[in-house]
Amino acid sequence: MVDFAVNVAPGPPDFVVDAVVGAIGGLAAYPRADDEEAARTALGQLHGRPPEEVLLLNGAAEGFELVAGLGRRRAAVVVPSFTEPVSLLRRAGVTVTEVVGSAPWRLADVHDDIPHDADLVVVGNPTNPTSVLHPATDVLDLRADGRLLVVDEAFADLAPGESVADQSRDDVVVLRSVTKTFGLAGLRAGYLLAAPPVIAELTRSRRSWPVGSPVLAALRACAGPLGRAYVEAAAARVVADRAYLCQRLTAAGLHLPVEPAAPFVLVRHARASQIRVALARRGFAVRSAENFTGLGPEYLRFAVRAPDVVDDLSRALESVLEEVGSD
Ligand SMILES: Cc1ncc(COP(=O)(O)O)c(C=O)c1O
């Protein structure tokens, strides 16, 4: 299948592969504190923050697991968004309110729906799967006394401009992933930024040597000069490739409910489910948005891909829409 469903780069760049391979020779040893410190320092420098405010993770998803273990009682999760936080929080016994927005999914429109006693609020920026990039001021407006705000910035490296990762605040946790941009989903590597007392709380029950040495090496490489240049080039490519994808999708008759800002595009069509199945028959995988609270079977998500692959998709879409009809 040609993959328009998963928002992960096809594979890691050579300098990250070299870093991971370089760590293999040292696998007999437990992960070293100075390698951990080097990765935290490099990631901290990326965001203008000291290493004490960086916590290394086995993927951003692990950050949600640690947040779920904080013992907060009442969480609000702004949806539609990544489904893991709600599952992990509920599994940990936290009462979760899903605060459901509708297109164009502005935070200001749901601000007053957040329960006043929510001591934990989770929001994605840019949000998966809507591809909305919220203004940083709207994100920070979700803070309140006694509340911890968790901002999932898993895709923020490819949608720069509104990140709050460079702001040190006692009540904000920012989760970041290297999985998507660097094609490292299988390695499980990510990090979070938070004030040292919050990091202490998050890691209270964490095991020793939580992050393996290949992950430490990968994180350091992603945060280094080659990693920064790689992200910059990837972000520029996403802007151009996304514009082309959007043009082809709308030309085919699909509706874009919002201007996308992330490396994926949400579309709406009355017969989206049929379109997805018909595309799959032609060898193209696209993501149904049916399981996201607040969306439904009329929504599909397309990953941004290179123009030549989009041309192939576009031709397939043409015949699919002839087959299923327009809305
Ligand atoms: C919005 C969002 N946040 C976090 C994650 C988890 O990322 P990681 O692979 O770093 O655990 C994902 C993965 O799909 C995601 O879509």
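Tutor: First, a word on terms: domain bounds come from an automatic or database domain assignment. Also keep in mind that this is a predicted model.

Student: Okay, into which domains is the chain divided?

Tutor: There's domain 1, made of 2-8 + 231-324, and domain 2, covering 14-227. Their C-alpha centres lie 26 Å apart.

Student: How do you know that residues of domain 1 are in contact with residues of domain 2?

Tutor: Contact calls for C-beta atoms, placed from the backbone, within 7 Å. By that test, 22 residues of domain 1 are in contact with 27 residues of domain 2. On the domain 1 side, H9 and S9 are the elements that give two or more residues. H9 gives the most there, with four residues. That side of domain 1 divides into 17 nonpolar, four polar and one charged.

Student: What makes up the largest nonpolar core, and which residues have the most contacts inside it?

Tutor: A core of this kind joins buried residues through C-beta atoms within 7 Å. The largest one here has 101 residues, and Val173, Ala218, Leu219 and Phe302 have the most contacts inside it. Helix H8 (residues 213-223) supplies the largest share, eight residues.

Student: Why is this core placed between domain 1 and domain 2?

Tutor: Because both domains give residues to the core, it lies between them.

Student: Which residues does Phe302 touch?

Tutor: Leaving out residues up to four places away in sequence, Phe302 touches Phe4, Leu245, Leu249, Phe264, Val265, Val267 and Val286.

Student: Why is cysteine 246 called partly exposed?

Tutor: The buried label needs 20 or more other C-beta atoms within 10 Å, while exposed means 12 or fewer. Cysteine 246 has 19 C-beta neighbours inside 10 Å, so partly exposed is the label. Cysteine 246 sits in helix H9 (residues 225-251). Beyond four places in sequence, cysteine 246 touches Leu256, Pro260 and Val265.

Student: What makes strand S8 covered on both faces?

Tutor: Look at residues 190-193: Gly190 and Leu192 are on one side, Tyr191 and Leu193 on the other, and all are buried.

Student: How do you know that strand S2 and S8 pair?

Tutor: Pairing takes at least two bridges. Strand S2 (residues 54-57) and S8 have four, in the antiparallel sense. Valine 54, for instance, stands opposite leucine 193 in S8. Strand S7 (residues 172-177) also runs antiparallel to S8, again with four bridges. Serine 177 has glycine 190 in S8 as its bridge partner.

Student: In the sheet with S9 and S11, why is one side of each left without a neighbour?

Tutor: The sheet is open, with three strands in the order S9-S12-S11 and antiparallel pairing. Strand S9 (264-268) and strand S11 (287-288) stand at the edges with a single partner strand each, so one side of each has no neighbour in the sheet.

Student: How many bridges join S11 and strand S12?

Tutor: Two, which meets the cut-off of at least two for a pair. Serine 288 has leucine 300 in S12 as its bridge partner.

Student: Last one: which residues surround the ligand?

Tutor: The list is Gly59, Ala60, Ala61, Phe82, Gly124, Asn128, Asp152, Ala154, Ser177, Thr179, Ala185 and Gly190.

Technical notes. Residues are numbered from 1 along each chain as its sequence is written. This is a predicted model: local features need pLDDT of at least 70, side-chain atom pairs count only at pLDDT 80 or more; totals for chains, interfaces and linings use all residues. A residue is near a molecule or strand if its C-beta atom, placed from the backbone, lies within 6 Å of it. Two residues are in contact if their C-beta atoms, placed from the backbone, lie within 7 Å. Ala, Val, Leu, Ile, Met, Phe, Trp, Tyr, Cys and Pro count as nonpolar, Asp, Glu, Lys and Arg as charged, and the others, Gly among them, as polar.
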